[in-house]
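Hi everyone, thanks for coming.

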Amino acid sequence: MNKIAVVGAGISGLSMANYLEKHKIDYHIYERRKKEDLAGHGFLIPQEGIEYLSQIIDPLLLFKHGNFLKKYIQYSHTGKKLGEKDLNNVFAISRHSLINLLAQNVSPGKITYCTTIIPCETQNGRLKQSDGTYLDANLAIISDGSRSRIRRSLFKDEKMKTVRESEVVNIIKDKEIADTIENDFIKFHHDQGGLTFGILKLSDDTILWYSQFDNQKYRINECSCDNLKKYMLEVFEDWHPLVSSIIQKSNYDNVHLWCVYELEELNPFYKNNIVFIGDAAHPLIPFTSQGVTSALKDSHVLTKYLVEENNVTEAFSKYESDRKPEIETHIQNGRTLLKQFLLPTDQHTDNILPISYK
Ligand SMILES: Cc1cc2nc3c(=O)[nH]c(=O)nc-3n(C[C@H](O)[C@H](O)[C@H](O)COP(=O)(O)OP(=O)(O)OC[C@H]3O[C@@H](n4cnc5c(N)ncnc54)[C@H](O)[C@@H]3O)c2cc1C
């Protein structure tokens with residue numbers, strides 16, 4: 001029987017653990033952060049992602065922790081309506097809630113926090129913990145995120161680049177604003193392109209807001225809370241009053257600035273006894289809203305082949321063949337959405353949803 005190590009307890013690592021649990025396959029997760037450290041942002045999850053989540057989390061419990069969005073409405077930055085579309089069962093949930101729900105099914109003995117896993121440069125393919133001990137495993141599932149250190153050490157020629165879009169994300173409690181936006185996903189776009197402000201409701205009294213900006217045009221040199229607040233107040237000063245009031249009212253203690261990365265070309269999804277899932281295999285830019293669903297599908301498909309195949313290499317190979325074509329589609333869709341985001345709104349094609357569908 002293979003001894004399985006899972007590296008990283010984000011959405012991919014934890015969903016992998018849930019699928020392995022379902023099939024009674026033993027594993028151990030190694031995570032760099034402290035258990036309670038969860039940077040705050042949230043996810044839009046299309047219906048397909050909800051279907052995969054419902055296989056591993058009680059759907060009623062899941063639905064209590066987030067909100068289904070009904071309509072996507074686009075406005076110009078001054079409030080002129082540009083278009084709207086119905087959203088087909090798109091669910092919004094905070095990262096914090098989703099990680100906690102996924103972690104509930106993992107027994108504390110199967111996860112070690114505060115340990116960074118590093119590749120051993122002298123013994124190709126072996127992994128060790130920060131204290132120098134080698135991982136006790138003969139199969140490693142790597143889910144350590146878009147900037148995966150293990151992936152970079154195995155595929156030294158890969159070209160990783162910063163995407164021309166960054167995001168400031170915040171979650172605030174405000175019942176009045178939550179009531180105003182109802183269950184709509186509202187996004188304001190600067191007429192000249194390269195700057196948006198999105199708002200959506202996570203629960204009756206909690207909203208998530210985010211600003212996407214062209215990081216060549218809008219530069220933030222320092223990302224302390226005070227600096228981010230100053231930047232937001234300046235940049236959005238003359239926007240629709242809903243935007244400026246949210247920015248004014250927000251507490252910035254947990255605000256987060258995200259830089260986004262992508263690979264020029266995907267690497268293989270595995271090498272020897274090491275296999276990659278989620279952002280570690282294929283960073284996806286946020287415009288696609290497919291990161292979580294892809295992570296869930298990776299975990300589901302990889303588990304299926306690990307169960308069906310006697311040979312691990314065969315399982316990895318089938319997993320890659322199954323998943324890569326769909327991921328390539330999301331990468332192309334993400335690039336199209338990024339191009340459109342950078343253009344003035346009068347050059348946008350008709351009301352593209354901020355979600356990539358295959
Ligand atoms: C601003 C923003 C908005 C987004 N919005 C959406 C959205 O609306 N919908 C959606 O589906 N997706 C969205 N995404 C993408 C989504 O966040 C990711 O696809 C998803 O979180 C991937 O999860 P992951 O587990 O693969 O990686 P991560 O979430 O990055 O998790 C990696 C984990 O590995 C740990 N780790 C890292 N290195 C090591 C190491 N060496 N040893 C041990 N542990 C390690 C980290 O601490 C972390 O816990 C968004 C992303 C961003 C940046």
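Let me start with a term: a salt bridge here is a side-chain nitrogen of Lys or Arg within 4 Å of a carboxyl oxygen of Asp or Glu. Keep in mind, too, that this is a predicted model. With that in place, look at glutamate 31 and arginine 33: their closest N and O atoms are 3.7 Å apart, and they form a salt bridge. Are these two buried or exposed? Both glutamate 31 and arginine 33 are buried.

The general idea is simple: side chains of opposite charge can pair when their charged atoms come close.

Here's another one. Lysine 110 forms a salt bridge with glutamate 21, with 3.2 Å between the closest N and O atoms. Lysine 110 sits in the loop between helix 4 (95-103) and strand 6 (111-112), while glutamate 21 belongs to helix 1 (residues 11-22), so this pair ties together parts that are 89 residues apart in sequence. Glutamate 21 counts as partly exposed, because its relative accessibility is 26%.

Next, glutamate 326 and lysine 297. They form a salt bridge too, and here the closest N and O atoms are 2.9 Å apart. Glutamate 326 is in helix 10 (residues 312-342) and lysine 297 is in helix 9, 29 residues away, and the pair links these distant parts of the chain. Both glutamate 326 and lysine 297 are buried. And there's a network: salt bridges with shared partners join Glu48, Lys297, Asp298, Arg323 and Glu326.

Now for some helix packing. The axes of helix 2 (residues 47-54) and helix 9 (residues 291-308) come within 9 Å and cross at roughly 45 degrees. That angle makes helix 2 oblique to helix 9. The crossing is left-handed. Which residues make the contact? From helix 2 we have Glu48, Gly49, Tyr52 and Leu53, and from helix 9 Thr293, Leu296, Lys297 and His300. Sorted by class, that contact has 3 nonpolar, 3 polar and 2 charged residues.

Last stop, glutamate 121. You'll find this residue in the loop between strand 7 (118-119) and strand 8 (127-128). Glutamate 121 is exposed, at 59% relative accessible area. Leaving aside residues up to four places away in sequence, glutamate 121 touches Ser153 and Lys156. Glutamate 121 and leucine 154 are 33 residues apart in sequence, with 9.5 Å from C-alpha to C-alpha.

Definitions and conventions:
Residues numbered from 1 in each chain as written. Predicted model: local features only at pLDDT ≥ 70, side-chain atom pairs only at ≥ 80, totals over all residues. Heavy atoms only, no water. Helix = DSSP H or I, 4+ residues; strand = E, 2+ residues; numbered from the N terminus. Buried < 20%, exposed > 50% of the residue type's maximum accessible area, 1.4 Å probe, protein only. Contact = heavy atoms within 4.5 Å. Axes fitted to C-alpha atoms, helices over the stretch in contact; angles between N-to-C directions. Parallel < 35°, antiparallel > 145°, perpendicular 65-115°, else oblique. Left-handed = near helix turned anticlockwise from the far one by under 90°. Nonpolar A, V, L, I, M, F, W, Y, C, P; charged D, E, K, R; others polar.
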